[in-house]
Amino acid sequence: MKLNLRTAVPILLLVLLALVPLYATFAQQPFFLTLFGRIVVFAIAAVSLDLILGYGGMVSFGHALYLGLGAYVVGIMSFHGIDNGFLHLGVTLVLCALVGAITGLLSLRTTGIAFIMITLAFAQMFYFLAVSLKQYGGDDGLPVSVGSRFGSVTLDDPVVLYYVAFAVLCLCVWAGRRLVEARFGMVIRGARQNDRRMRALGYPTLRYKLVAYVISAMVCGVSGMLYANLTHFVSPAYMAWTASGELIVMVVLGGLGSFFGPVLGSAAMLLIEEWLKGMTEHWMILFGPLIVVAVLVSRRGLYGLLGDLQVRLSRRTRTVEGKA
């Protein structure tokens with residue numbers, strides 16, 4: 001039986017992520033639970049971006065907008081004493097779907113650099129709106145005193161929050177793969193290759209792209225809701241253009257159009273960031289070149305690198321078998 005690295009490594013990573021709370025408890029290192037909880041939450045946001053970026057070719061430079069909206073739903077409702085998690089989730093999904101539909105309908109009528117700039121402009125509009133909300137902390141942000149509560153289950157418990165986020169991540173990866181393999185995904189990928197031909201075949205590509213954009217916005221909003229519960233804090237910085245840039249880096253670093261690539265990308269980026277922070281306060285000077293080197297080594301990202309290693313391993317195996 002041949003070892004398939006592109007299957008084995010993702011499974012191994014998911015198993016290790018599932019065991020993090022146990023290790024953190026055994027080693028009495030609660031920091032690990034926070035760090036890997038952040039990785040899982042950002043992996044959800046990166047997976048949502050990969051749906052439109054990796055498969056649809058839509059380079060959204062304002063995707064952190066939806067992460068911020070989800071976080072602010074929790075923050076503002078908790079500020080008013082509303083801790084009902086089902087209500088938090090419902091408002092997050094409806095708000096992100098509404099904003100995604102409006103902004104997407106306008107943005108998707110453009111392509112290329114125009115699309116990038118319009119998504120950035122919308123994100124910055126909401127960023128400055130959040131800054132202007134002085135009642136909710138303004139530029140200083142807003143502490144979240146009450147977490148989301150789903151009946152007897154509360155996300156104030158770090159272990160519960162981690163496993164909820166992990167379950168959402170697994171669901172997003174599984175559902176995303178099913179979605180892109182269905183007819184809907186075929187149309188999205190076809191439109192990325194040649195939008196004019198797909199329209200000539202009778203497919204309303206704008207409608208398909210808009211649905212994909214709205215789904216992506218809603219999933220990213222859920223990640224923002226989880227992030228607010230993780231940090232117990234919300235800030236306009238969550239929807240700044242730099243946060244959107246970080247999500248793009250995670251997707252590109254992990255591998256476009258793979259769904260599990262963004263999981264690898266978020267884990268690699270955040271772990272390297274923490275490692276460099278422990279070495280020097282000028283960690284950004286080292287972090288930038290490392291990202292460039294990683295992309296140059298494998299333009300298909302870390303997940304693509306696994307495929308390259310698989311090919312080399314298969315060739316070596318065949319050579320050994322031939323000599324035998």
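**Helices and their neighbours**

Visitor: Where does Ile116 lie?

Guide: Ile116 lies in helix 5 (a helix is a DSSP run of H or I, at least four residues, numbered from the N terminus). The model is predicted, so to speak of local features takes pLDDT of at least 70 and side-chain atom pairs 80 or more, while totals for chains, interfaces and linings use all residues. Residues count from 1 along each chain as its sequence is written, and side-chain values use heavy atoms, without hydrogens and water.

Visitor: OK. How far is Ile116 from Ser60 in space?

Guide: From C-alpha to C-alpha, Ile116 and Ser60 are 5.5 Å apart. In sequence, 56 residues separate Ile116 from Ser60.

Visitor: Which residues is Ile116 in contact with, leaving aside its neighbours within four places in sequence?

Guide: Val59 and Phe61, where contact means heavy atoms within 4.5 Å.

Visitor: Changing topic. Which residues does UniProt annotate as "transmembrane region"?

Guide: The unreviewed UniProt entry gives residues 37–56, 63–80, 86–106, 113–133, 160–180, 206–227, 247–271 and 283–302. Such annotations may be inferred rather than shown by experiment.

Visitor: Take 113–133, then. How much of that is helix?

Guide: In the model, residues 113–133 are 95% helix and 0% strand. The C-alpha atoms at the ends of 113–133 are 31 Å apart.

Visitor: And what about 86–106?

Guide: Residues 86–106 are 100% helix with 0% strand, and the end C-alpha atoms of 86–106 are 30 Å apart.

Visitor: Next, helix 4 and helix 8. At what angle do they cross?

Guide: At roughly 145°, with angles running from 0 to 180 degrees between N-to-C directions of axes fitted to C-alpha atoms over the stretch in contact. The axes of helix 4 and helix 8 come within 8 Å.

Visitor: Is that crossing left-handed or right-handed?

Guide: The crossing of helix 4 and helix 8 is right-handed (the near helix is turned clockwise from the far one by less than a right angle; anticlockwise is left-handed).

Visitor: Which residues in helix 4 meet helix 8?

Guide: On the helix 4 side they are Gly85, His88, Leu89, Thr92, Leu93, Cys96, Ala97, Gly100, Ala101, Thr103, Gly104 and Leu105. Facing them in helix 8 are Leu210, Tyr213, Val214, Ala217, Met218, Gly221, Val222 and Met225.

Visitor: What classes do those fall into?

Guide: The contact of helix 4 with helix 8 has 13 nonpolar, seven polar and no charged residues. Nonpolar here is Ala, Val, Leu, Ile, Met, Phe, Trp, Tyr, Cys and Pro; charged is Asp, Glu, Lys and Arg; the others, Gly among them, are polar.

Visitor: Now helix 10 and helix 11. How do their axes lie?

Guide: The axes of helix 10 (residues 260–279) and helix 11 (residues 283–297) come within 9 Å. The two axes cross at roughly 145°, and the crossing of helix 10 and helix 11 is right-handed.

Visitor: Which residues meet there?

Guide: Helix 10 brings Met269, Ile272, Glu273, Leu276 and Lys277, and helix 11 brings Trp283, Leu286, Phe287 and Leu290.

Visitor: How many residues of that contact are charged?

Guide: Two are charged in the contact of helix 10 with helix 11. Seven are nonpolar, and no polar residues take part.

Definitions and conventions: Helices (H or I, at least four residues) and strands (E, at least two) are DSSP runs, numbered from the N terminus.
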